[in-house]
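Biologist: I have a new model open and want to learn how to read it. Can we go through it feature by feature?

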Amino acid sequence: MNVINLEEYTDKVAGCWMGKNIGGTLGAPFEGRRYTHDLKFYSQDLSGAPAPNDDLDLQLIWFHAIKKHGLENITPALLGEYWLGNINGPWNEYAVGKANMRAGLMPPLSGSCNNDTWKYSNGAWIRSEIWACCFPGNPDEAIKYAYMDSCVDHCGEGIYAEMFTAALEAAAFIVGDINKLIGIALSKIPENCRVVRSVKIVLDGYKKGKKWLEVREELVRDSADLGWFQAPANIGFTVLGLVYGEGDFGRTICLAVNCGDDTDCTGATSGAIMGIIMGRKAIPEKWVEPIGESIRNVCINCFLRVPKTLGELTSQVVDEAVKYHRNLAEYPVKLGDAPTSVSKEWHKQLQDNGAAAELWALPPYEMPFDLPHIQVCIDYLDGSQIATGVEKKIKIKVKSRYEMYEHFVTLDWRLPEDWQITPGRKSCFYTGLSPAECEMTIIPGELDGGFRYVELEVKDSKRMNPYILTVPFQCGGAVKFSKN
């Protein structure tokens, strides 16, 4: 059995949140500046309190959902609902995700549609620590939740970035070597993605003895086509801090912030990673004393009851993790009173990419509709946009939610009279142990407004009552959101 000592785990969770607050506070005054810095400590008078930071705020909302529903019941749609109800941050991809969800484009559509400017940005990988803390020593489980989280307002590189940080942080509970941790995290994202490219620039530069400033400039040049405030370069800056920091907490977070750009994020994430590796007790007190233990909020519902101190957050996260793990007899990494002990076999398993590859293959434009007994998925294939008289291909998938059931399901599209659909408005599916699917082509008639909502009636031969789904389509192309 693989075991993480509970006291040791608790210290690392506390270190994670303290490192997050320290690094975020260090970088907050310099966010968005596109030049390098020469910080060696906080630049502002803090009066015993940290800078407020959305990096931590967003995770308080996810944790609220965990406490209310349990980890086993978390879904992208549930996180989307909590986002709509509790997050008031109006920035960039946060605003895009909320606008999409209000229009009916739920995750992953909320992250993949109308989001060309911000889909690869930094809003997701900065909030991965909650999943690492819930699944210590199990990066494959952490990245599943990181995917569910990040697809609310990102796609592609934006998702890979959070899978990278979640895997690294989860593994850091049982692995202390930075290079090994980076290798584990790289195994969880596609080899040809831009996040990998940025990380390899740092690793190659360090191996060749290049100065950190030189490597920083290489990262900036390599990501010039993506622009500033994007995940690949900022993940690179974070890894630069970790590698060139060589195990020193203060040097690590300062280097990450000194690279510029999204400095509160790079500082906060590098600080959280170092906090997990070192534990709260080993974080130098000079970094702790100026900010204390409080949590200051900036973008969440002020009436929501969330932890107000890092100690309170740590205690509650530990309680939830212990409760979840105790209910799973087969869970591979247990929390307990015995000394930490992890097998060689599990260490080898940490770099397996089988579970990760399944996540990479998930369709970015597929929206699931969960009925009590079946799930109906609409895959828009290339996006939710439609235009009058233009063919729009979609794929329908029907699957049982319970393995013991077989279903004969009829789908009936209630389309406007001037719309066409092939092979026909009615289609029948048989689904047993395997899902049933088919591709359809819709040719819309006249359109008005920004969105069109089409009813789809679902009938199961075993049930008398039909279900009516409301399927959203976006009229006339994508809505454009300006950087301003």
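This is a predicted model: local features need pLDDT of at least 70, side-chain atom pairs count only at pLDDT 80 or more; totals for chains, interfaces and linings use all residues.

Biologist: How many helices and strands does the chain have?

Modeller: The chain has 18 helices and 12 strands.

Biologist: How do I judge the overall form? What radius of gyration does the chain have?

Modeller: Set the value against a rule for globules. For 484 residues, a compact globule would have a radius of gyration near 23 Å, and the chain agrees, with 23 Å. The C-alpha trace spans about 70 × 50 × 45 Å along its principal axes. Contacts tell a related story. Take those between residues at least 6 apart in sequence: 72% of them join residues at least 24 apart.

Biologist: And the surface? What percentage of residues count as buried?

Modeller: Of the 484 residues, 59% count as buried. The accessible surface comes to about 19,700 Å². Carbon and sulfur atoms account for 50% of that surface.

Biologist: What should I expect inside?

Modeller: In soluble globular proteins, nonpolar side chains tend to be buried together. Here the largest nonpolar core has 154 residues. W17, I22, W131, F164, I396 and W413 touch the most other members. Helix α8, residues 157-171, supplies the largest share of this core, 10 residues.

Biologist: Let me look at one of those. Which residues does I22 touch?

Modeller: Leave aside residues up to four places away in sequence. I22 then touches Y42, F249, I253, I283, W287, V288 and I291.

Biologist: Now sheets. Which strands form the open sheet, and in what order?

Modeller: The order is β5-β12-β11-β7-β9, five strands with mixed pairing. Look at the edges next. β5 (385-386) and β9 (426-431) each have a single partner strand, so one side of each is left without a neighbour in the sheet.

Biologist: How do I follow the pairing inside that sheet?

Modeller: Go strand by strand. β7 (residues 407-414) pairs with β11 (residues 451-460) in the antiparallel sense, over 6 bridges. T410 has K459 in β11 as its bridge partner. D412 stands opposite E457 in β11. Now cross to the next strand. β11 pairs with β12 (residues 467-475), again antiparallel, over 8 bridges. On that side, E457 stands opposite I468 in β12. A hairpin of 6 residues joins β11 to β12.

Biologist: What about the start of the chain? Which way do the residues of β1 point?

Modeller: Side chains in a strand can be sorted by direction. In β1 (residues 2-5), N2 and I4 point one way, while V3 and N5 point the other way. All four are buried. β1 runs parallel to β2 (residues 333-336), and 4 bridges join the two. I4 stands opposite L335 in β2.

Biologist: How do I read a helix in the same way? Which residues of α4 are buried?

Modeller: In α4 (residues 92-102), the buried residues are E93, Y94, V96, G97, K98, N100 and M101. Their cover includes α2 (54-69), α3 and α5 (109-112). Just after α4, G104 takes a positive phi of about 100°.

Biologist: You mentioned α3. Where does G85 sit?

Modeller: G85 lies in helix α3, residues 76-86. At 46% relative accessibility, G85 counts as partly exposed. G85 and C299 are 214 residues apart in sequence, yet 12 Å apart in space, C-alpha to C-alpha.

Biologist: Last topic, cysteines. How many disulfides does the structure hold?

Modeller: A disulfide is a covalent bond between the sulfur atoms of two cysteines. The structure holds 0 disulfides. For C113, the nearest cysteine sulfur belongs to C155, 8.7 Å away. For C428, the closest is in C438, at 10 Å, too far for a bond.

Biologist: Is C113 buried or exposed? And C428, buried or exposed?

Modeller: The cut-offs are under 20% relative accessible area for buried and over 50% for exposed. C113 has 1% relative accessibility, so it counts as buried. C428 has 64%, so it counts as exposed.

Definitions and conventions: Residues are numbered from 1 along each chain as its sequence is written. Side-chain values use heavy atoms; hydrogens and water are left out. Buried means under 20% relative accessible area, exposed over 50%, partly exposed in between (1.4 Å probe, protein chains only). Two strands pair if DSSP finds at least two bridges between them. A disulfide is a pair of cysteine sulfur atoms within 2.5 Å. The radius of gyration is taken over C-alpha atoms; the globule rule is 2.2 Å times the number of residues to the power 0.38. Contact means heavy atoms within 4.5 Å. Accessible areas come from the Shrake-Rupley method with a 1.4 Å probe; for residues, only the protein chains shown count as cover. A nonpolar core is a set of buried Ala, Val, Leu, Ile, Met, Phe, Trp, Tyr and Cys residues joined through side-chain atoms within 4.5 Å.
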